[in-house]
Structure formats: C-alpha cells, structure tokens
Amino acid sequence: MKMDSVPKTPLIIHHLNESRSQRIIWLLEELNINYEVKKYYRNPVSKLSPPEIYSIHPLGKFPIITDGDLVIAETGAIVEYLIENFDAESKFKPREKHERVLYNYYLHMFSDFNKNSKKKIVKKKSDDLNKTNISNIFLNYAEKSQDNKIISFEGLEKFCSDLGVNSSEPIAMVISHKLHSKNMGTLHLDGWIQGWEELGVDSIEKFKEKLTEFQEILINKDQFKEFYFFLFDFAKEEDSRNLNLEIAIALWEMLLPPFFKNLNLWIQYLKEEYQRPISRDPWMSLWDFIQQIDSDFSNFDENQSWPTVIDGFVEFARERI
Ligand SMILES: N[C@@H](CCC(=O)N[C@@H](CS)C(=O)NCC(=O)O)C(=O)O
C-alpha cells in the first residue's frame with residue numbers, strides 16, 4: 001500500500017475529556033499529521049459519552065477518527081491505521097520480528113488498559129441500555145430552535161401523552177423529577193440521559209412500566225420527601241429566591257391531601273393572613289411539621305425554632321379546631 005504521509009484533508013480526532021483519546025492526539029503529534037480536534041464532554045454525573053457521538057459511530061466510545069469518509073473506532077485500530085498510512089519515517093513501525101512482538105503486545109495491552117484496570121469491574125445497570133434509543137427519543141420531542149438540547153412545554157405534553165399521562169396530573173411532575181428537570185415545563189438532554197439510565201429503561205414502553213412506581217411516590221411518605229424537596233427549585237422562577245404563594249398553594253392542594261390533615265386550614269391561613277411568597281425554609285419545614293406534629297397540635301412547642309409562617313398557622317388553627 002502506498003503511504004500518504006499527509007492526509008488529503010485534516011484528519012479529525014473525536015476527543016472526549018479525561019479519556020484515552022489523548023493517546024491518539026499524542027500519536028498524531030509524534031507523526032506530525034495534519035489534524036483537527038473535535039471536543040466532546042462527558043456527562044458530568046454519569047461520566048458517559050454525549051449522545052451525539054452515536055451519530056459518528058454506533059459504538060459511542062472514544063477515541064474515533066475520521067479521515068474523509070472513513071470512520072475508525074478503537075484505539076488499537078486507530079494506532080495501526082495511523083502508523084500504517086502516515087509513519088513515513090518508520091518512527092514506530094516494527095522492523096524486526098522481536099519488535100513486532102513487542103509492538104503487538106503494547107498495542108493490545110494499552111487498548112484494554114485504563115486507570116480502573118486494576119479494580120474489579122462492576123457491571124453498571126446502564127451498560128445494557130441502548131443509549132442511542134435514549135437520545136433518539138429525546139430528539140422526537142426536542143425543540144429544534146434550541147439546537148435540540150431542550151424539551152419545552154409542547155414536547156413535554158407530547159411525551160406525557162405518549163406515556164398515557166395527562167401533563168397536568170401530579171405524576172407528570174414526578175416524571176420531570178426523575179428526569180432531573182430544573183424548571184417546570186422543560187427537560188434538558190443531560191438530565192434526560194441521566195434519568196433514563198438511572199431508571200434502567202431505553203424505550204417508551206419500558207418507561208411506561210415505571211409509572212406504577214411513580215404513582216407510589218405520591219402516596220408513600222418515605223418516598224415523597226425527596227420529590228417534595230425537589231419541587232421548590234422546580235416550581236419557583238429561576239431568578240427568584242422565593243416561591244410565588246399562588247403556585248405554592250396550587251402545589252400543596254394538589255399533592256398534600258394524602259399527608260396533611262389540616263391542609264384546608266393551612267391554605268385558609270395563607271390566603272387570609274400570611275399572603276406572602278414562600279421561601280425555602282418554610283417550604284422544607286412544612287414537611288417536617290406534617291410528619292412530627294399531631295393534627296390537634298398538642299405536641300407543638302412554640303419554643304422550637306419553626307419558621308414564623310408555621311408559628312402563625314398554629315396560632316390561627318388552634319382557634320378554629
Ligand atoms: N477498547 C476501546 C475502549 C473505548 C472506551 O471505553 N473509551 C472511553 C473513554 S476512555 C469512553 O468512550 N467512555 C465513555 C462511555 O463509555 O460512555 C478503545 O480502546 O478505544
């Protein structure tokens with residue numbers, strides 16, 4: 001085969017941060033090859049490849065190089081390709097038999113070697129998932145005008161309807177929670193991937209099977225707490241520190257009936273007397289209050305440091321029950 005010491009167009013190395021694709025960049029430099037780096041970043045939580053790499057190569061792993069139409073994955077295969085085609089000065093090419101043995105040894109060893117090689121390899125729940133499916137499903141609902149990185153209100157409604165869920169029902173908020181949504185009405189690609197992987201699902205049908213567990217969260221006090229805490233940031237305006245009172249009341253009316261016997265009195269107090277936005281501390285403390293204080297308030301102690309809104313409520317309620 002004729003060796004081209006210079007590729008016709010710059011070779012592209014698809015490089016993932018903190019990964020072995022650095023080795024290929026080293027080799028490209030050593031061989032003085034004309035190349036461009038296309039950077040990708042691991043999902044900050046799952047540390048997995050970003051979904052767009054699957055459109056370059058179905059393996060979805062780094063490194064990958066593209067040389068014109070040719071796409072090559074696997075460190076060893078890439079190293080062989082580069083040395084075979086661009087090592088004009090035979091800098092790395094083995095010349096003698098014993099060199100070839102060593103060359104093969106290092107090539108195979110390093111292809112399989114990473115910083116975790118000495119640790120016991122634990123199979124992750126997400127390893128068996130079809131990650132391409134997960135990101136393709138996202139694209140079905142994503143907002144084209146936002147580079148396909150966000151699902152907004154319309155897409156969310158369509159997603160809920162494909163799951164057989166009404167987007168105004170409480171379970172739709174559990175879905176947003178499970179997919180790490182940061183604001184009501186939007187889903188982001190990174191949270192979506194993380195969520196689907198944590199749930200261990202990769203199709204709409206499998207996602208639907210999780211809905212019974214999600215319903216359980218809405219009635220089980222041990223599971224509800226985490227979801228309830230998530231709601232404060234989810235429901236408040238991004239640039240505000242507090243939650244608008246009407247929204248807080250709507251959420252409490254929708255979600256607290258299974259847990260809070262004095263809910264109606266609480267709402268009455270907020271509407272008639274308190275009439276202010278809700279800050280984080282009262283939002284969170286209300287949950288502890290519901291769990292710890294009897295519905296006749298007999299074990300309520302004013303000297304414990306409950307937020308003012310709760311002290312005010314107890315005073316208001318005691319006169320009415
Ligand atoms: N045998 C492959 C392994 C590729 C591989 O596991 N790459 C890692 C980076 S070091 C990766 O892409 N991880 C992200 C992921 O698995 O989602 C090779 O040597 O190229």
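Q: How much helix and strand is there over residues 129-318?
A: Over that stretch the chain is 61% helix and 2% strand. Its end C-alpha atoms are 55 Å apart. Helices (H or I, at least four residues) and strands (E, at least two) are DSSP runs, numbered from the N terminus.

Q: Quick check: what kind of model is this?
A: This is a predicted model: local features need pLDDT of at least 70, side-chain atom pairs count only at pLDDT 80 or more, and totals for chains, interfaces and linings use all residues. Residues are numbered from 1 along each chain as its sequence is written.

Q: What does UniProt call residues 129-318?
A: The unreviewed UniProt entry places "domain: DCUN1" there. UniProt positions use the numbering used here, feature names are shortened, and annotations may be inferred rather than shown by experiment.

Q: And what does it place at residues 8-90?
A: The feature "domain: GST N-terminal", also from an unreviewed entry. That span is 27% helix and 24% strand. Its end C-alpha atoms lie 20 Å apart.

Q: Which domains is the protein chain divided into?
A: Domain 1 (11-111), domain 2 (129-217) and domain 3 (231-318). These bounds come from an automatic or database domain assignment. The C-alpha centres of domain 1 and domain 3 lie 57 Å apart.

Q: Now the sheet. What is the strand order?
A: S2-S1-S3-S4, in an open sheet of four strands with mixed pairing. Two strands pair if DSSP finds at least two bridges between them. The edge strands, S2 (35-40) and S4 (70-73), each pair on one side only.

Q: Parallel or antiparallel: how do S1 and S2 pair?
A: In the parallel sense, over six bridges. Strand S1 covers residues 11-16. Leu16 has Tyr40 in S2 as its bridge partner.

Q: What packs on the sheet?
A: Helix H1 (residues 21-30) does, touching S1, S2 and strand S3 (64-67). Residues are in contact if their C-beta atoms, placed from the backbone, lie within 7 Å. The direction of H1 makes about 150° with that of S1. Axes are lines fitted to C-alpha atoms, for helices over the stretch in contact, and angles run from 0 to 180 degrees between N-to-C directions.

Q: How many bridges join S1 to S3?
A: Three, and these strands run antiparallel. Ile12 stands opposite Thr66 in S3. S3 and S4 also pair in the antiparallel sense, over four bridges. There, Thr66 has Val71 in S4 as its bridge partner.

Q: What do S3 and S4 form?
A: A hairpin with two residues between the strands. Gly68 in the turn has a positive phi of about 65°.

Q: Which residue has a positive phi although it is not a glycine?
A: Glu18, at about 45°. Glu18 is found in the loop between S1 and H1. Most residues other than glycine have a negative phi, and most peptide bonds are trans.

Q: Which peptide bond is cis?
A: The one from Phe62 to Pro63, with omega near 0°. Pro63 is in the loop between S2 and S3.

Q: Last topic, the ligand. How many residues surround it?
A: Twelve, and the closest are Ser19, Leu48, Ser49, Lys61 and Thr75. A residue is near a molecule if its C-beta atom, placed from the backbone, lies within 6 Å of it.

Conventions: Contact = placed C-beta atoms within 7 Å.
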